Amino acid sequence: MVDLNYHHLRYFRAVAHDGNLTRTAERLNLSQSALSIQIKQLEERLGHALFERRGRQLYLTEAGRIALDHADTIFAAGEELVETLKETGRSRRSIRIGALATLSRNFQMEFLRPILGLANVDMILRSGSTGELLAALETLNLDIVLLNQAPMADSLTPFIARHVYQQRVSLIGKPSYGARGAMLADLLAAHPVILPTLESGVRAQFDALVEKLGLTPQIAAEVDDMAMMRLLAREGIGLAVLPPIVVKGELEAGTLVEFDALPGMIESFYAVTIKRRFPNPLIRPLLEANG
C-alpha cells in the first residue's frame, strides 16, 4: 500500500480551496514556510507539482485538480463516518440536498414535504448546474440531487436515478388571452410563446409537436429558468409552455389560466443518489413519499 501522509493531504486541500498560501497559513495558525514544506513533501511523494503560481495566487495543475478531487472524497467520507457512527441507533439529523438551479421551486417544496418542519431534521439546500451537483454527489458533499433529466448511465457513473414525478406540460397565460378550451392552433396563432431554451427536454418535445401540427408560433422569449418563465407569464408577455405545478399559486388565484395541455408533452423529475455503504436514512421517506 502506498504510504501517504494525510496531514500533508489535509494542508494541500486547505490551500487548494483558499487559493492563497498566506491566508491558509493564518487560518491554520501555521507559518507560511511550514505550510510550504508540507505541500512540497506531498508533491515529492506524488511525483507531480500540484500548484503553479500566477502573481500572488496559486492555481491547481492538472495533477493538483486530480489530487483535490480525491482529497475531497477522502475527507468527506471521514466526516460521514464520524456522523454516521455517532448517530448509531437514531436518525441522522441533517440531509444535504442539491437541486438544479432552474428547477421548479414548487416541485422542490412538494418533494421535501415529508421532512419539512421536523424539529430533528436540519436541511442543507444547494443549487447549481447538473455537472456541479453530480460532482458534489460523487464526493459525498450532497446526499441527493433533484434534476429534470436522468444522468447518463454507464459502468463508470455510479448514480442511481429514480423517476419521482411527472406532470403534463400546458399552455399557461393571462385570463384575457381567451376562453379555456380554445383550440391549440388558434392559441398559438393569436399569442406569442415563452419557451424553455433548446437544451431543455420540454423544448424538444414542443418543437416536435408544432412541426407535426404544421405550426410556426411566434417566440416571445427563450428562458432557462422556470421562475423567470412564471414571471413573464404573469406580465402577459405570452403563453408559457410550463408544467402547471410551476404556477400552482397563480392558477389557484386565477391570475393565470391553464388553457390547454399540450398532447404527449410531459416534464419528468428525478431524484439522483449514489451507492453508499451508509446512506442517509432521511432519503428513504423522501423517496417512499415521492415514488
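The model is predicted: local features require pLDDT of at least 70, side-chain atom pairs count only at pLDDT 80 or more, and totals for chains, interfaces and linings use all residues. Residues are numbered from 1 along each chain as its sequence is written, and side-chain values use heavy atoms, with hydrogens and water left out.

The chain contains 11 helices and 10 strands. These are DSSP runs, numbered from the N terminus: helices are H or I of at least four residues, strands E of at least two. The C-alpha atoms fill a box of roughly 75 × 50 × 35 Å along the principal axes. The radius of gyration of the chain is 24 Å, whereas a compact globule of 291 residues would have one near 19 Å. The radius is taken over C-alpha atoms, and the globule rule is 2.2 Å times the number of residues to the power 0.38.

Of the 291 residues, 42% count as buried. Buried means under 20% relative accessible area, exposed over 50%, and partly exposed in between (1.4 Å probe, protein chains only). The chain exposes about 16,000 Å², and carbon and sulfur atoms supply 53% of this area. Accessible areas come from the Shrake-Rupley method with a 1.4 Å probe; for residues, only the protein chains shown count as cover. Contact means heavy atoms within 4.5 Å. Among contacts between residues at least 6 apart in sequence, 75% join residues at least 24 apart.

Helix H1 spans residues 6-18 and includes His-8. His-8 counts as buried because its relative accessibility is 12%. Leaving aside residues up to four places away in sequence, His-8 touches Gln-38, Gln-41 and Leu-42. With Gln-38 there is a polar contact, side chain to side chain, at 3.2 Å. A polar contact is a pair of N or O atoms within 3.5 Å; within protein, one must be able to donate a hydrogen and the other to accept it, and residues adjacent in sequence count only if both atoms are side-chain atoms.

Leu-9 also lies in helix H1. Its relative accessible area is 5%, so Leu-9 is buried. Under the sequence exclusion of up to four places, Leu-9 touches Leu-4, Leu-42, Ala-71, Ile-74 and Phe-75.

Glu-44 belongs to helix H3, residues 32-46. Glu-44 counts as exposed because its relative accessibility is 57%. From C-alpha to C-alpha, Glu-44 and Ala-119 are 49 Å apart in space and 75 residues apart in sequence.
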